Amino acid sequence: MAFWGDYFVYDGIPCTEFGLRLYEVNGVTPGEAKFSVASDISEDRVSSRYRPLFYGVTQNEPLSFKMVFGADKELANSGGFFDAWDREAISSWLSPLDGYKWLEIEQDDMEQVRYRCIIEELEMVEIGNLPIAFSCTVRCDSPFAYQYPVTYSYTCQGNTNILLRNLGSYRGGYQPKLKITTNGTDSIKIINHSDNDRTFEFTGLPQSYFLEIEVDNENGVITNNMDLNLYPYFNFEFFKLICGDNSLEVVGDCKLEITCEFPVSVGG
C-alpha cells in the first residue's frame, strides 16, 4: 500500500517530469533526520580537575535524511512500472557529477527553505515484484537548510544606521555577500555595534562614482568592475552578522546591498 505525499524539485528539475512524487510504500518511510547540534567538543580532562579545560565546539556535521518517492497515482493505479530506461533516466538525474545541487520540497511548511545536497544510496523499492518506487539518502553540504536569497538595499550618506536581523540558526555568525557602489568617496566603513564594534573597512579607494565592489565574505573574495586589486585598501575584517538583531553603522556615501541566504535548522 502506498501513501502519496508532496512533490520535489532537484537540480531545477521537478519530479513530475519523471512521473514521481514523495510517499510511503510498504512500510518504507522517510527516516528521521537529526537537528544541527554541537558535533565535536574540543576539551582536555586532567586528573587534578573535575571540570574539563574547554576550548570550543564545532558545528559542521552534515545533515542527512531518508527520502522515499515513486510512481504518481496515475501510473501506480494503472499497474504500470518503471522500466530499465526510466530507471536509467531517474538515476542519471539524481546522480550529477559536478557537486551539490538544490533540493526543494513542495510542502506548506517548507516553502521558505531548500537543501543543498547530494543524493546517495539510491535503491529500488518493489511492489508485487514490480519496480515502482525508490529510496535514497539525502546528504547535505552542512547541518542546515537555507532560506531563499534575499537582498537588502540601502542608500547611505554620511553616517547611516541600519537594523538588520540575522534569521539564521548558526550561533557562530553569518557572512552574507555584499555589493558596494561608491559615490565619489574614497572610504567605506561598516561597523557592527552588536558584535563588539567589529569594523569592515576600505580606505584610500580610487575615487569613482561607478566603482562596484562585490565581497564574498564567507570565502574572503573581493572583486570589482574595474579589475582593480582592492585588497591593499581593505582591513581584512570580513563582514559578519551575529544571530538576531544587528545594529549597523555605515560611514561613507554608497549604495549598499546585503544578500542573505540564512542557514536554518529545520531537520529533514
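User: Which residue stands opposite Asn192 in strand 19?

Analyst: Leu248 in strand 19 stands opposite Asn192. This is a predicted model, in which local features need pLDDT of at least 70, side-chain atom pairs count only at pLDDT 80 or more, and totals for chains, interfaces and linings use all residues. Residues are numbered from 1 along each chain as its sequence is written, and side-chain values use heavy atoms, without hydrogens and water.

User: What makes strand 15 and strand 19 a pair?

Analyst: Strands are DSSP runs (E, at least two residues; helices are H or I, at least four), numbered from the N terminus. Two strands pair if DSSP finds at least two bridges between them. Four bridges join strand 15 (residues 188–192) to strand 19 (residues 244–251), so the two count as paired. They run antiparallel, within an open sheet ordered 13-19-15-16.

User: Why is Thr137 called buried?

Analyst: Buried means under 20% relative accessible area, exposed over 50%, partly exposed in between (1.4 Å probe, protein chains only). Thr137 has 14%, so it counts as buried.

User: What joins the side chains of Thr137 and Glu121?

Analyst: A polar contact of 2.7 Å joins them. The term needs a pair of N or O atoms within 3.5 Å; within protein, one must be able to donate a hydrogen and the other to accept it, and residues adjacent in sequence count only if both atoms are side-chain atoms.

User: What makes a nonpolar core?

Analyst: Buried Ala, Val, Leu, Ile, Met, Phe, Trp, Tyr and Cys residues joined through side-chain atoms within 4.5 Å make one. The largest here has 31 residues, Phe8 and Met67 among them. Strand 10 supplies its largest share, six residues.
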